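I will look things up one by one and write down what I find.

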Amino acid sequence: MLQIDCPFCGPRAEIEFRCGGEAHIARPLKPEDASDETWRDYLFQRKSPKGVHFERWVHSHGCGRWFNAARDTVTDRFLAIYPMGEKAPSIEELKARLPDVGSPRHAYAENRVAPERVEGERP
Ligand SMILES: [Zn+2]
């Protein structure tokens, strides 16, 4: 099971959390002046990268607080967790800390716990 490190409670099982979608989506400053295209982009256009994705998460079955996270969508590994309203770390910063960011060879590593084998189950 994936573990997510809540900045307020510590590591907890992923089932306690809910993803709130892409982070850093800014509402148009002057909504009355925004074009239809600006509203379309604000409401519906989201990134879906293969690699680092910046997301909002809430510890819905815990403290109920929101935070931002950088998650590698290939490995499902959380690369950074930072407060709401704070600027996202750059991809270069993340790669400097974790050179294998985006590498598929680390799939199922670190954040994943191998399932326990059941007696008599085939491998
Ligand atoms: Zn929490």
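**Confidence.** I looked at confidence before anything else. The model is predicted. Its average pLDDT over the protein chain is 84, and 80% of the residues score at least 70. Where pLDDT is low, predicted coordinates should not be read in detail.

**Layout.** Next I listed the elements. I found two helices and six strands in the protein chain. From the N terminus, I read the order as β-β-β-α-β-β-β-α. I also checked burial: 11% of the 123 residues count as buried. Then I turned to contacts with a separation of 6 or more. Residues 24 or more positions apart account for 54% of them.

**The sheet.** Which strands form the open sheet, and in what order? I noted four, in the order β3-β4-β5-β6, with antiparallel pairing. The edge strands are β3 and β6, each pairing on one side only. Neighbouring strands of this sheet are turned by 30° against each other on average, direction ignored.

I went through the pairs. Strand β3 covers residues 18–22 and β4 covers residues 52–58. Three bridges pair them in the antiparallel sense. Within this pair, I found E22 opposite E55 of β4. Then I moved to β5, residues 66–72. Seven bridges join β5 to β4, and the two run antiparallel. I marked two positions here. H53 has R71 in β5 as its bridge partner. W57 stands opposite F67, also in β5.

**The core.** Which residues make up the largest nonpolar core? I wrote down eight: I4, V52, F54, W57, F67, A69, A70 and L79. Strands β4 and β5 each supply at least two residues of this core.

**Two positive phi angles.** Most residues other than glycine have a negative phi. I looked for exceptions. H24 is not a glycine, yet its phi is positive, about 65°. I located H24 in the loop between β3 and α1, the latter being residues 36–44. Is H24 buried or exposed? I counted 12 other C-beta atoms within 10 Å, so H24 is exposed; the cut-off for that is 12 or fewer.

D76 is another such case, with a positive phi of about 70° and no glycine. I found D76 in the loop between β5 and β6, where β6 is residues 78–82. D76 has 16 C-beta neighbours inside 10 Å, so I noted it as partly exposed.

**C63.** My last entry concerns the loop between β4 and β5, where C63 lies. C63 has 15 other C-beta atoms within 10 Å, so it is partly exposed. What does C63 contact beyond its neighbours within four places in sequence? I found C6, F8 and C9. I also checked the distance to F8. C63 and F8 are 55 residues apart along the chain, and their C-alpha atoms are separated by 7.5 Å.

Definitions and conventions
Residues numbered from 1 in each chain as written. Predicted model: local features only at pLDDT ≥ 70, side-chain atom pairs only at ≥ 80, totals over all residues. Buried ≥ 20, exposed ≤ 12 C-beta atoms within 10 Å, placed from the backbone. Contact = placed C-beta atoms within 7 Å. Pairing = 2+ DSSP bridges. Core = buried A, V, L, I, M, F, W, Y, C linked by C-beta atoms within 7 Å. pLDDT = per-residue confidence, 0-100. Axes fitted to C-alpha atoms, helices over the stretch in contact; angles between N-to-C directions.
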